[in-house]
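Hi,

Here is the structure I promised to pass on. Have a look at it first, and then read my notes below.

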Amino acid sequence: MRREIAENLKLPKDLALGAVTVTVSGRSEVTVENYKGILEYTSKKIVVQTKGCQVDVLGEDLLISYYTADEMKISGQISEIIYC
Amino acid sequence: MSGRFIRFLKGYVYIRIDSPLPERFLNLCAFHQILMWGLVPNGDFYEMYMSVQDFFRLREIVRKTKTKVTVLGHYGMPFFFQKYRSRKIFVISILVSFAFIYCLTLFIWQIQITGLIRHKPEEILSFLQEEEIRYGMRKSKVDCEAVESDIRERFPDIVWVGASLEGTNLHIQIKENVDSYDAQTEKEGTADLVADVSGTVVSMVTRTGTPMVAVGDQVEKGQVLVSGREERKDDAGTVTGYAEGYADGDVTVQTVINYRDAFPYVHKVKVYSKKKRYHLTLRLFQKEFALFNKKPKFALYDTDTVDRTIVLGKSFYLPISYELKTMREYFHETRQYSKEEAKQLANQKFRAFTEDLKKKGVEIIENSVKIVLKEKECVTSGSLVIQQPAGKAAPLSPLETNPPLEASE
């Protein structure tokens, strides 16, 4: 129902559905918006809980450059991004 | 950049958290709008930066998540002041000096004028002074465009002016129109072209006026070459009157000049002893303070002067300058040129003389100058046949011929 309204009104999905926005720059930087919180944080894996799913960022030497309620930036050597 | 500056102003800490539920701790922080940056997992711990304000809001979160927080470092202005709280005067003087330097940047401490050929910098400076543009004035009161147009208005031969403020320096770039200067200032009114040297005319081009001599004529210094008076004739060829103007033309005259230069082999040279004296004059806001101004006790000495304005970076001139005079003692010592040296020196002197002539537009046609090494002196003598431009403006000569017909009737 909500999806249909959003599609008909052509609203941005991240606003209407609360969909996660993942912006990847090269393989060293990922910006994640619209999430609920962190489930796991190690230098090899960061798991972020979003409204519909979990986003796993895998890699080496991962670190969170900044972390606020709206946005986080992950830097490091990124190898995989998994939605589950 | 501004974010980092604000963090520095407010102060921030580098902390380590040791928690059984680190993710919960991070989520709670995010929920309470606590900004974290530089978050690094370090084995079982996590390390991060946080503002001091946010750090004091952690108490509740720490209690909920049973976290142990260790402060590893503290940075920023509040900690800087705390560190130096026992040295208040030191901190205050740093702040005062920053404020003082900032105040200095609001004024003009240097007026630089470039590109002048005919005009002198003093002329432009005194004009600027009349226009209330002076050393030490507020930068905000300088209207560069007005300065440009004022200078152009006052000096018509200046065709382009660029005024710009660079730091505390008012840079005025000027381009003069040299051609129009000649036409406007020198070629008005009436004048004859008279010879300024004696010799034989070898070439002649008359632009305005009546030629009074021809190629091959012998002319004397002061003789009229081109008259500014032109005859007006009627159809029958009778002179009816004269038009007076400014005679103009190029006349080249060939002449012979003698050159003689002699110098003895024995001569005096300066030998510097290692003794030096310094005079230092400090100038603050155009007021002079003489430091170390003792007169040297040397009989003979040379003075080198260095005058410098203190500049921070490229164009931040300060109202502080100094003049350093170095006085070096010397003695005269008698030496003798070898014949080879004397010949070289004579050659050098003669070359300088001919270079000078060339600069004046003189062409050397024949050269019979010889160097003779005599017993006690070196003599360079001989004659040079030269061709040189002759002709300078002089007041119109009085009419010698019969008065014009109109006047007689």
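Before the interface, one term: two residues are in contact when heavy atoms of theirs lie within 4.5 Å. By that rule, 15 residues of chain A meet 14 residues of chain B.

Some housekeeping: this is a predicted model, so local features need pLDDT of at least 70 and side-chain atom pairs count only at pLDDT 80 or more, while totals for chains, interfaces and linings use all residues. Residues are numbered from 1 along each chain as its sequence is written, chains are lettered from A and ligands numbered from 1 in the order in which they are written, and side-chain values use heavy atoms, with hydrogens and water left out.

Back to the interface. The two chains bury about 1100 Å² between them, with carbon and sulfur atoms giving 61% of that; buried area here is the accessible area (1.4 Å probe) that two parts lose on being put together, summed over both. On the chain B side, B:Glu23, B:Leu39 and B:Pro41 supply 38% of the area buried against chain A, more than any other three residues.

Helix H2 (22-31) and strand S2 (36-42) of chain B each bring at least two residues to the side that touches chain A, and S2(B) gives the largest share, 6 residues. Helices (H or I, at least four residues) and strands (E, at least two) are DSSP runs, numbered from the N terminus.

With 8 of its 10 residues buried, H2(B) is largely enclosed by the rest of the structure; buried means under 20% relative accessible area (1.4 Å probe, protein chains only). Among those buried residues are B:Glu23, B:Phe25 and B:Cys29. Their cover includes strands S3 (35-41) and S5 (54-67) of chain A, along with helix H4 (59-65) of chain B. Just after H2(B), B:Gln33 has a positive phi of about 60°.

As for chain A, it has 2 helices and 6 strands, in the order α-α-β-β-β-β-β-β from the N terminus. Of its 84 residues, 32% count as buried.

Cheers

Note on methods
Buried means under 20% relative accessible area, exposed over 50%, partly exposed in between (1.4 Å probe, protein chains only).
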